[in-house]
Amino acid sequence: MDMHVYEVFQQQKEGGALVHSGNIQAPDDRLAIHYARELYGRRGESVRLWVIPRDHVLELTDPDLLKPPFDRSYRSVEGYRLRDKLASVRAAREGS
Amino acid sequence: MAVETEATIEERTQAFRDHVTSGGKVEMTDWMPDEYRRSVLKFIEMHANSEIMGVLPEREWINRAPSVRRKLALTSKVQDEVGHGQLLYRLAEDLGKPREQMLEDLMAGRTKFHNVFHYPTHTWADVGIIAWLVDAAAILSQKALLTCSYAPYARTMQKICWEESFHIKHGYDIVLSMMNGTEEQRAMVQEALDRWWGPLMQFHGPPTPVEKDKDLAWRIKSKGNEQLRQEFLSMYVPRILDLGLSIPDPNLRYDEETGRWQYTEPSWEELRSVVTGHGPRSQERLAFRRLNYDQGEWVRQAVMTAS
Ligand SMILES: [Fe+2]
Ligand SMILES: [Fe+2]
């Protein structure tokens with residue numbers, strides 16, 4: 001029988017994000033669930049597990065797409081420095 | 001037998017109610033009473049509608065932005081908001097309503113979007129006031145959703161709130177730049193604030209008794225309308241006055257005794273009329289949404305045939 005790898009995502013507390021915890025190997029879905037429970041739930045440390053066949057995981061790591069070398073500061077909070085602008089508005093207001 | 005099943009549903013509903021009122025969370029695949037499903041769906045759908053309708057007043061300014069950097073920033077904000085719409089429609093779809101149906105209902109005026117997106121924009125200062133204050137008012141309601149009983153929504157709000165912080169800061173930057181400018185530019189900001197103050201005060205909705213607010217009872221949201229408006233005033237009145245702007249409400253003042261802001265009663269009649277499609281730009285914006293939807297039909301077709 002062929003073994004398959006399954007990635008396991010664990011929710012540790014109700015409402016929390018499902019976080020990748022590791023993987024297991026199993027011959028079928030039913031046993032995958034069982035093994036996942038044994039490895040990631042036997043101490044009551046999970047409220048929910050997602051068990052996903054590795055072949056079904058699509059991966060993207062291309063830095064040209066994820067971390068493009070262009071300046072993207074206009075998109076972020078750090079791209080705007082307001083201290084001096086605010087100070088000069090206040091100064092003008094107090095001066096008038 | 002039938003009687004026993006009915007009792008079981010009631011018991012389950014009561015257990016569910018106890019669960020959410022004590023801070024418990026609900027996942028998409030969990031059992032939930034129909035009424036909860038309908039309420040959370042309606043709430044998320046209205047939020048999603050507001051995201052995709054909210055970009056229409058802003059997109060009018062992409063070509064008129066005063067610099068390339070402003071154009072990039074405004075385009076990014078519009079992209080973020082449409083992205084929020086995508087995330088939220090996805091959540092709503094998982095709750096059982098197809099996306100096409102939601103878009104049809106929106107365009108036919110059967111479902112709503114926030115009052116502030118039914119108004120026209122006049123100058124670049126409106127873009128600043130919208131990004132600074134409308135987004136600020138919105139983020140206060142959105143932060144109150146981080147503890148939503150429907151966990152997929154609460155998790156999505158983390159990403160949305162993170163992106164919103166750039167919108168507010170960029171809006172503040174626009175306003176500050178104009179306030180550092182000419183007399184005419186400062187007047188433009190004041191005029192924009194005068195235009196938006198009424199809709200901003202209406203934004204969170206009329207004060208509703210806690211026991212009448214179903215969304216509060218189900219812990220879909222964690223704060224009532226009036227509480228959110230009070231928070232908005234506490235945070236933003238000082239910041240607005242700090243810039244030398246004046247707020248167009250002679251009755252606005254902080255009452256030390258009650259610890260609350262007093263203000264002229266917002267026009268709830270205007271709010272009702274605007275959100276039911278009778279605002280100054282309601283029909284024009286819906287028609288534009290429809291036009292885009294129809295023009296994009298070939299893209300949707302192509303995507304489906306390609307896969
Ligand atoms: Fe948004
Ligand atoms: Fe925003």
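Two colleagues talk through a predicted model and ask what backs each label.

Colleague: What coordinates the iron ion (ligand 1)?

Modeller: B:Glu51 (OE), B:Glu81 (OE), B:His84 (ND1) and B:Glu164 (OE) do, at 2.0 to 2.3 Å. A donor must lie within 2.8 Å of the metal. These distances meet that cut-off, so the atoms count as donors.

Colleague: Why is the arrangement around the iron ion (ligand 1) called irregular?

Modeller: The 4 donor atoms subtend angles of 87 to 166 degrees. Tetrahedral needs all angles between 85 and 135 degrees.

Colleague: Which parts of chain B do B:Glu51 and B:His84 tie together?

Modeller: B:Glu51 lies in helix α2 (residues 34-59), and B:His84 lies in helix α3 (residues 68-94). The pair ties together parts that are 33 residues apart in sequence. Both B:Glu51 and B:His84 are buried. Along the sequence, the donor residues of this ion are spaced E-x29-E-x2-H-x79-E.

Colleague: Which parts does the pair B:Glu81 and B:His167 tie together?

Modeller: B:Glu81 lies in helix α3 of chain B, and B:His167 lies in helix α6 (residues 151-179) of chain B. So the pair ties together parts 86 residues apart in sequence.

Colleague: How far apart are the iron ion (ligand 1) and the iron ion (ligand 2), and which residue coordinates both?

Modeller: They are 3.6 Å apart, and B:Glu81 coordinates both.

Colleague: How do you know whether B:Glu81 is buried or exposed?

Modeller: Its relative accessible area is 6%. Buried means under 20%. So B:Glu81 is buried. B:His167, at 0%, is buried by that rule as well.

Colleague: What makes B:Lys77 and B:Glu58 a salt bridge?

Modeller: Side chains of opposite charge can pair when their charged atoms come close. The cut-off is 4 Å between the side-chain nitrogen and the carboxyl oxygen. For B:Lys77 and B:Glu58, the N to O distance is 2.9 Å. So the pair counts as a salt bridge. B:Lys77 is in helix α3 of chain B and B:Glu58 in helix α2 of chain B, 19 residues apart. Both residues are buried.

Colleague: What links B:Arg290 and B:Glu104?

Modeller: Their side chains meet in a salt bridge, 3.3 Å from N to O. B:Arg290 sits in helix α11 (residues 282-295) of chain B, and B:Glu104 in helix α4 (residues 99-107) of chain B. They are 186 residues apart.

Colleague: Why is B:Arg290 called partly exposed?

Modeller: Its relative accessibility is 28%. Buried is under 20% and exposed is over 50%. The value falls in between, so B:Arg290 counts as partly exposed. B:Glu104, with 29%, is partly exposed too.

Colleague: How do you know that B:Glu226 and B:Arg260 meet in a salt bridge?

Modeller: The N to O distance is 4.0 Å. The rule asks for within 4 Å, so the pair is counted. B:Glu226 lies in helix α9 (residues 225-242) of chain B and B:Arg260 in strand β2 (residues 260-262) of chain B, so the pair ties together parts 34 residues apart in sequence. B:Glu226 is buried at 14%. B:Arg260 is partly exposed at 38%.

Colleague: How many salt bridges are there over all chains?

Modeller: The count comes to 33.

Colleague: Now to chain A. Why are β2 and β3 of chain A said to stand at the edges?

Modeller: The open sheet of 3 strands has the order β2-β1-β3 (chain A), with antiparallel pairing. β2 (19-26) and β3 (48-53) each have a single partner strand, so one side of each is left without a neighbour in the sheet. The twist averages 30 degrees from one strand to the next.

Colleague: What makes β1 and β2 of chain A a pair?

Modeller: Pairing needs at least two bridges. Strand β1 (residues 4-11) of chain A is joined to β2(A) by 7 bridges, so the two count as paired. Among the partners, A:His4 bridges to A:Ala26 in β2(A).

Key: Residues are numbered from 1 along each chain as its sequence is written. Chains are lettered from A and ligands numbered from 1 in the order in which they are written. This is a predicted model: local features need pLDDT of at least 70, side-chain atom pairs count only at pLDDT 80 or more; totals for chains, interfaces and linings use all residues. Side-chain values use heavy atoms; hydrogens and water are left out. Donors are N, O and S atoms within 2.8 Å of the metal (3.2 Å for Na, K and Ca); water is not among the atoms, so sites may look incomplete. Four donors count as tetrahedral if all angles lie between 85 and 135 degrees; four count as square planar and six as octahedral if opposite donors are over 155 degrees apart and all others between 65 and 115; anything else is irregular. Helices (H or I, at least four residues) and strands (E, at least two) are DSSP runs, numbered from the N terminus. Buried means under 20% relative accessible area, exposed over 50%, partly exposed in between (1.4 Å probe, protein chains only). Axes are lines fitted to C-alpha atoms, for helices over the stretch in contact, and angles run from 0 to 180 degrees between N-to-C directions.
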